[in-house]
Number of protein chains: 4
Amino acid sequence: ELGQFTEDLNKPKTEYIKSFQYESRLIPSTWVVIRIDGCHFHRFSEVHEFEKPNDAQALNLMNSCAVGILEEFKDIVFSYGVSDEYSFVLKKESQLYERHASNIVSSVVSIFSSMYTVKWKEFFPDKEMKHPPYFDGRAVCYPSSEILRDYLAWRQVDCHINNQYNTCFWMLVKSGKSKSDAQNDLKGTQAQDKNKLLDRLCNVTDYYNTLPPMFRQGSSVYWDKEEKKMVNNDEGSVGKTRKIVAVKYCNIIDPSFWEEHPEILNEKINCRRVHT
Amino acid sequence: ELGQFTEDLNKPKTEYIKSFQYESRLIPSTWVVIRIDGCHFHRFSEVHEFEKPNDAQALNLMNSCAVGILEEFKDIVFSYGVSDEYSFVLKKESQLYERHASNIVSSVVSIFSSMYTVKWKEFFPDKEMKHPPYFDGRAVCYPSSEILRDYLAWRQVDCHINNQYNTCFWMLVKSGKSKSDAQNDLKGTQAQDKNKLLDRLCNVTDYYNTLPPMFRQGSSVYWDKEEKKMVNNDEGSVGKTRKIVAVKYCNIIDPSFWEEHPEILNEKINCRRVHT
Amino acid sequence: ELGQFTEDLNKPKTEYIKSFQYESRLIPSTWVVIRIDGCHFHRFSEVHEFEKPNDAQALNLMNSCAVGILEEFKDIVFSYGVSDEYSFVLKKESQLYERHASNIVSSVVSIFSSMYTVKWKEFFPDKEMKHPPYFDGRAVCYPSSEILRDYLAWRQVDCHINNQYNTCFWMLVKSGKSKSDAQNDLKGTQAQDKNKLLDRLCNVTDYYNTLPPMFRQGSSVYWDKEEKKMVNNDEGSVGKTRKIVAVKYCNIIDPSFWEEHPEILNEKINCRRVHT
Amino acid sequence: ELGQFTEDLNKPKTEYIKSFQYESRLIPSTWVVIRIDGCHFHRFSEVHEFEKPNDAQALNLMNSCAVGILEEFKDIVFSYGVSDEYSFVLKKESQLYERHASNIVSSVVSIFSSMYTVKWKEFFPDKEMKHPPYFDGRAVCYPSSEILRDYLAWRQVDCHINNQYNTCFWMLVKSGKSKSDAQNDLKGTQAQDKNKLLDRLCNVTDYYNTLPPMFRQGSSVYWDKEEKKMVNNDEGSVGKTRKIVAVKYCNIIDPSFWEEHPEILNEKINCRRVHT
């Protein structure tokens, strides 16, 4: 019964309707960061009783999803996560979805969301998911690896600042203060003040640095250069190497990380080009 | 240990890093369609042994997610789904996420993906999900309700054309033909030829129109005008009305659908403006 | 000697270089306004000793350029100018430069600038142009004729407000006040206050409305419906009609202007559609 | 009489009308090329009887306008012109118009057009300008100086290829061939063939390279490092240096040009960074 319309909806009309679509392409030869952030995750973390200030299992779940993303999209060379946010770095030359921003952002967000839901049971075997989580996403282009590394440094500094604040805040609340008193105590304090406060409350010297690195430095996920593995066979044991997606909690602000992992941003190529 | 960098990453530097972000806003006072499409769903449907040419449960799952989307985002006034695609219509005046395209598209795609995974068990109690599904998405602006309705008509015509072809194709395959023979048989056939072919293969007059409307017309999901419900109480029974999200399989090409549901696109307002 | 490179710059490399170009297309079926504004025109008007608050010849020159633009770009159906700004309205269906924003804006601005320079002598036969004028431009899409008319109304209201203020300001200055005293006198005054001030300073009742309509209402430039012209020939005189680009100083906020000129926005079509 | 509407057009409505405007910003830290091209210049050059295949005065006029552009916009560090096109390179860090694409493109095109018209008489004292010329423009971002130089190389190769073809074509036409015969003669010929053809027609060995460098290599316009000038004063003569905008006809494909002018793209900084 739709047949008649079918003839009405001729080719020019279909072309007209399609003409409203547009594609915004990410500029070629730039590093693309797809950044996703949890939507209403304050509520989500309360409903699911996440531990404060950091819930290790919730972070491990995020990291596991990030590993899945790197395995699915081979052009993603690095990712960095903290709290309910994750940044995925597409290599400069990537032609993923012909660099169409909508396609790239939406499919990364989509598979991340699916995985989060699928893997939930694995990380929270005793907790039922009460409502589906969701994330928003965006793409940003960075024209050089220096600026890309500045972006990542910014996220790690944010991780540090927020974590230090939140650790103090919840420590004060657990010590019996009201939330608003805790806020007032922290107003205007510097990094050093907060460290001293923690040392005093916990009676531990340099308490902050006893916290797990995942809380303090966030999670870096990338294809690790090589994993040596000994294999037993008839003729004895031999070394074998392969690439796996690693989750590490390291300082990515310091140049040494990038010097030790030149293959991530493929910086050798740049060096070579310079020497010729 | 990140503290030192923290001081280096002063406000101007942070502003500089943020300056690479950009926001593309959808033009105000236009109908926005967020269209999502399954990624690699051909493979996904094979792995999960969906029935061919249409799997009713897979479609019901899609529809259930669409209902969830309308309940979450009150500015979505209509949606239309077929196969692994769904189009969501945001009302013209919507200020959802200040009309930032990335936020709107990514959060709709994200919650749809989460729901699909969460609800899977409800629709496929006996099938394990073997890998997480994902969708891509995009936003398109339509400046008038006429053009919006042309867009929706285009999707419904596509549904019809694809369904008629697929019904014939799988009927031929089930009758013993190879896939390539089936393709050859259908090459160049018109709508009428296909209907006759179906009638002949099934020995039923007008077989195509005996198929479920969901297969032939796709699914329309919207807040239904009013649902009258009789309530028994001590004093007798009274009528009560409320709004619910309905899933219907109707002809949305014909103007009569829109005339009978003027509240969906709020066309009364337009009419009133004209008469003064 | 460039020949060798020519072979190096093969097709893939050329495609790569071209891939950095992008085209931003204006959304179809929307009214496009190209708005141009003089750059550093405050300085330009001082250097060339334009009369204050309005220089009739400078405005006539702007209007003459607008007429030239309408004659060159047939898809421009209306334009409105005030001071050193001009808004050009492209008809909704226009396919000018395939609706590429850059091409449309730059060519309108370019020809306007050329014409301004070429026509200068015609309007200022005794003044030498001391440095080349220039304009910036932008395109904005409006999805309905109501919103387009609201845009034009906004510009005309701005014209009115600015002109009333400037008329008072320069009247005070000419009466012997310093510029900063004049500013102070006007601070916080309403429209009525300003009218009374003018009446008092000039000793004329309702002085403001004795000013030329071009100053008070700005200039509207459009293809006038019909121009009747009597032609003398051997057999007597006959009426003849043709279209010309007219410059009028009328109230475009009031609906009556648009009702009397339905062909400008082609609103008959919309009306017809409504009545069926 | 507009007063009443003024009150209707309150702040929210004005904000609504303004909300349709959008700004597309060019990505920070990238080289921006503003490329302008003559519109209908084939016709313009015929009407004004430009010499074929190259009119030296027309090119000198273009170059003079380019010099004016560099003097007006200090962030433009280099420009390259050929025929009726010109490419202007904005330095990577430029904040001109806050990197708003529309503003940058339109004001460069506008002032170029004004200057072309103003300077016409200087270059064509005996020719009247018969209709105003105009140009379209666009902006493109290049993320590294390597890609920017590839872009410029592409334009210079195009100059060479077109000039070689046009020189042959007009030589054949001047020798008495029809235009279509000349086209046929040239179909499928390689660079070498064309050079031999020219040598034969002109009876000159290596004729092509006797042509003025401006025709063969296009025009490069940039702030020249230093101009030494001897000044006579009482105590003898001393050297003095200053920067001027130079017009040169040089090979910009070869790296030597950029090595000799490192200050143009400020490449010393990059080099230094590499060596540490």
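Reply:
**Where chain A meets chain B**

Chain A and chain B are joined by 4 salt bridges. A salt bridge is a side-chain nitrogen of Lys or Arg within 4 Å of a carboxyl oxygen of Asp or Glu. This is a predicted model, where local features need pLDDT of at least 70, side-chain atom pairs count only at pLDDT 80 or more, and totals for chains, interfaces and linings use all residues. Residues are numbered from 1 along each chain as its sequence is written, chains are lettered from A and ligands numbered from 1 in the order in which they are written, and side-chain values use heavy atoms, with hydrogens and water left out.

Start with the extent of the contact (heavy atoms within 4.5 Å). Chain A brings 60 residues to it, and chain B brings 60 residues. Together, chain A and chain B bury about 5200 Å². That is accessible area (1.4 Å probe) lost on putting the two parts together, summed over both. Carbon and sulfur atoms account for 63% of the area buried between chain A and chain B.

Now the pairs. B:K13 and A:D150 form a salt bridge, with their closest N and O atoms 3.4 Å apart. Between chain A and chain B there are also 17 residue pairs in polar contact, both residues at pLDDT 80 or more. A polar contact is a pair of N or O atoms within 3.5 Å; within protein, one must be able to donate a hydrogen and the other to accept it, and residues adjacent in sequence count only if both atoms are side-chain atoms.

Which elements build the side of chain A that touches chain B? Those giving two or more residues are helix 1 (3-8), helix 2 (11-18), helix 5 (101-123), strand 4, helix 6 (145-174) and helix 9 (213-217) of chain A. Helix 5 of chain A gives the largest share, 13 residues. By class, this side of chain A has 33 nonpolar, 18 polar and 9 charged residues. Here Ala, Val, Leu, Ile, Met, Phe, Trp, Tyr, Cys and Pro are nonpolar, Asp, Glu, Lys and Arg are charged, and the others, Gly among them, are polar. Helices (H or I, at least four residues) and strands (E, at least two) are DSSP runs, numbered from the N terminus.

Look next at B:E23. B:E23 makes a salt bridge with A:R138, and their closest N and O atoms are 2.6 Å apart. B:E23 sits in the loop between helix 2 (11-18) and strand 1 (31-38) of chain B, and A:R138 sits in strand 4 (residues 135-142) of chain A, so this pair joins two chains. B:E23 is partly exposed, at 29% relative accessible area. Buried means under 20%, exposed over 50%, and partly exposed in between (1.4 Å probe, protein chains only).

D:K13 and C:D150 meet in a salt bridge, 3.4 Å from N to O. D:K13 lies in helix 2 (residues 11-18) of chain D, while C:D150 lies in helix 6 (residues 145-174) of chain C. D:K13 is partly exposed at 32% relative accessible area. C:D150 is buried, with a relative accessibility of 18%.

Salt bridges also form within a chain. B:D185 pairs with B:K177 at 2.6 Å, N to O. B:D185 is partly exposed at 36% relative accessibility, and B:K177 is partly exposed at 34%. In chain A, a network of salt bridges links A:R35, A:D37, A:E85, A:R155 and A:D158. The count over all chains is 40 salt bridges.

Among the contacts in chain A with a separation of 6 or more, 71% join residues 24 or more positions apart.

Now set chain D against chain A. Here 10 residues of chain D touch 10 residues of chain A. About 680 Å² is buried between them, 77% of it from carbon and sulfur atoms. Chain D and chain A share 0 salt bridges. On the side of chain D that touches chain A, helix 6 (145-174) and helix 11 (267-275) of chain D each supply at least two residues. That side of chain D has 6 nonpolar, 2 polar and 2 charged residues.
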